[in-house]
Amino acid sequence: MRKDGTAFDLPIALGLLVATGQLDASAVDGLLVAGELGLDGSIRPIRGALPLARSAARGGIRALVIPEGNTAEAMLVTSARLSSAPVLRGLVDALRAGALPIALVPATRCEASDDALDFADVIGQPVAKRTLEIAAAGRHNVLLVGPPGAGKTMLARRLPGILPALDESELLEVVAVHSVGGLLPPGTAPSRTPPFRAPHHTISMAGLIGGGPGPRPGEVSLAHRGVLFLDEMLELPRHVLDAMRQPLEDGRVVIARAAQAVAYPARFQLVGACNPCPCGKADDSSTACSCSAADVERYNARLSGPLADRIDLHAHVGAVALSALGGLNREERSEAVRARVEAARECQRERYASLAGTRSNADVPGRWLLAHGGIGASARLVVEQAADRLRLSARGYHRALRVARTIADLDGVADVSDAAVAEALGYRGRGTA
C-alpha cells in the first residue's frame with residue numbers, strides 16, 4: 001500500500017543513516033518512528049499521533065518515537081512507551097549512545113473554552129431552552145425553526161455548556177479523530193468539553209461527510225461525541241443533507257475509494273437551525289411574508305422525510321420583544337441546567353450498563369426500551385393513538401418513546417408517564433410552538 005505524508009520524514013532520515021553506515025541498525029530495531037523534519041533538522045508535529053500510540057501499546061513495539069509537540073496527546077495512552085527529541089541530531093546522538101530520549105510531560109496550555117456562553121444570556125425562549133435541555137439529557141437531535149434574529153444560533157452555541165464532560169474512553173475517541181484531522185494545536189492539553197462543530201452552509205459533501213486525499217474525516221466525524229450545528233440548515237443542498245442519514249443511524253461513516261475504505265466514528269448530536277420560509281418572515285407579526293406557497297413548499301422540501309424522521313425534537317424560536325431585553329435578567333444559568341442533565345445521564349448509564357454500545361436514550365434499541373424502559377401500557381397507548389394523526393413511522397414511534405424516557409429521567413422517575421409521552425409527541429411536528 002502506497003504511503004505518503006510528512007510523518008515519514010524522520011523514519012526515512014533514520015533509514016538513510018542506517019543504510020549509509022552512520023547509525024547501527026540495532027539502534028532502531030523495534031522502534032515505531034514518525035515525525036516531520038524541518039530544513040534546520042527540527043522534528044515537527046504530525047497528524048495522527050494518538051492512533052500511533054494506541055498501536056504501539058498493543059505490543060511488539062520497543063518504543064514510539066514522536067515529535068515533542070505530539071507528546072501531550074500520545075500520553076493519553078498510558079501503556080505506550082514514548083520517546084521524543086526536538087531535533088534530529090539529538091535523537092541520533094541518543095541512539096548511537098544506546099539510549100532513547102524519554103518523552104517528558106510537556107508544559108501544556110488549555111484550549112479556550114466557551115464557559116462564558118451561558119443560557120442565562122438568552123432572554124425568554126422557554127420552549128427552546130426546554131427542548132435543548134431534553135436534547136442534552138438524552139443526546140437527541142434537534143431542529144430550531146424561527147425568524148432571523150430570534151436567537152437560534154445563540155441558543156445552539158450554549159448547548160455544550162450544559163453537556164456532561166467527556167469520560168476517559170470518549171476523550172480518547174475524540175482526540176484520535178481530531179489528531180487525524182489535524183485539529184490539535186501542539187502544546188495544547190485536550191479538552192474534556194464535547195466538541196462543537198459549526199460549518200458554514202456552503203460546505204461540500206466531502207467537507208461534511210469526509211473524503212479528499214487520504215481520505216480525511218469530515219465534520220460529522222470531527223463532531224463525534226459532541227454537537228454538529230448546521231445554521232441555515234435548509235440552505236444546504238438536499239443531497240448533502242441526506243448524506244447524514246446513515247451516520248446518524250449507524251454512528252460511523254465509511255469513505256470508500258478505489259484503493260481502500262476508511263471508517264471514521266460519527267456518533268454526533270445534530271442541531272439544525274432554519275427559517276420558517278425563504279424570506280424568514282413567516283412567523284414575524286410585524287412584517288409580511290413575501291414568499292408564495294410554492295416557495296415555502298420547495299424550501300421545506302429540502303429537508304427530506306427520512307432525515308426529518310431522524311430529528312427527535314422540533315422547536316419554534318419566536319422573536320423576543322425588545323422591551324424584554326432591557327429588563328432584569330432572571331434566566332436560569334447553564335450550571336443549574338447541566339446538573340439536571342448530568343443526573344439524567346447518570347440514570348441512563350446505570351440503566352444501560354449491560355447494553356454494549358448504549359450510553360444514552362438516543363442509542364437504546366426500541367425493542368429493549370419497550371421491554372425494560374418503564375414504558376407502561378397507558379403510555380404506549382397514548383403513542384399508538386397519536387401515531388395515525390401524526391403519521392409516525394416505526395422509527396418515529398420509537399424515537400418519541402426515547403424522548404419520553406429522557407423527560408422521565410429529567411423528572412427523576414422510573415416510569416414514563418402519559419404527560420411525558422404527550423410532551424414528547426408535541427416535539428415531533430416541525431416548528432412546535
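Colleague: Among contacts in the protein chain between residues at least 6 apart in sequence, what percentage join residues at least 24 apart?

Modeller: The figure is 73%. The model is a predicted one. Its protein chain has 433 residues, of which 47% are buried, and the secondary structure comes to 19 helices and 16 strands.

Colleague: At what angle do the axes of helix 15 and helix 18 cross?

Modeller: Helix 15 (residues 334-351) and helix 18 (residues 394-411) cross at roughly 115°, and their axes come within 8 Å. Helix 15 also passes helix 18 in a right-handed crossing. On the helix 15 side the contact residues are R340, V341, A344, C347, Q348 and R351, and on the helix 18 side R405, D409 and L410. These divide into four nonpolar, one polar and four charged.

Colleague: How many aromatic pairs does a search of the whole structure find?

Modeller: It finds two. One of them is formed by Y352 and W368, with ring centres 5.4 Å apart and planes at 65°.

Colleague: What makes the pair of Y352 and W368 edge-to-face or stacked?

Modeller: Rings pair if their centres lie within 6.5 Å, and 5.4 Å meets that cut-off. Planes over 60 degrees apart count as edge-to-face, and these planes are at 65°, so the pair is edge-to-face.

Colleague: Where do Y352 and W368 lie?

Modeller: Y352 lies in the loop between helix 15 and helix 16 (366-372), and W368 in helix 16. The pair therefore ties together parts that are 16 residues apart in sequence.

Colleague: How do you know whether Y352 is buried or exposed?

Modeller: Buried means under 20% relative accessible area. Y352 has 1%, so Y352 is buried.

Colleague: And is W368 buried or exposed?

Modeller: The value for W368 is 19%, which is under 20%, so W368 counts as buried.

Key. Residues are numbered from 1 along each chain as its sequence is written. This is a predicted model: local features need pLDDT of at least 70, side-chain atom pairs count only at pLDDT 80 or more; totals for chains, interfaces and linings use all residues. Side-chain values use heavy atoms; hydrogens and water are left out. Axes are lines fitted to C-alpha atoms, for helices over the stretch in contact, and angles run from 0 to 180 degrees between N-to-C directions. Helices (H or I, at least four residues) and strands (E, at least two) are DSSP runs, numbered from the N terminus. A crossing is left-handed if the near helix is turned anticlockwise from the far one by less than a right angle, and right-handed if clockwise. Contact means heavy atoms within 4.5 Å. Ala, Val, Leu, Ile, Met, Phe, Trp, Tyr, Cys and Pro count as nonpolar, Asp, Glu, Lys and Arg as charged, and the others, Gly among them, as polar. Rings of Phe, Tyr and Trp (its six-membered ring) pair if their centres lie within 6.5 Å; planes under 30 degrees apart count as stacked, over 60 as edge-to-face and the rest as tilted. Buried means under 20% relative accessible area, exposed over 50%, partly exposed in between (1.4 Å probe, protein chains only).
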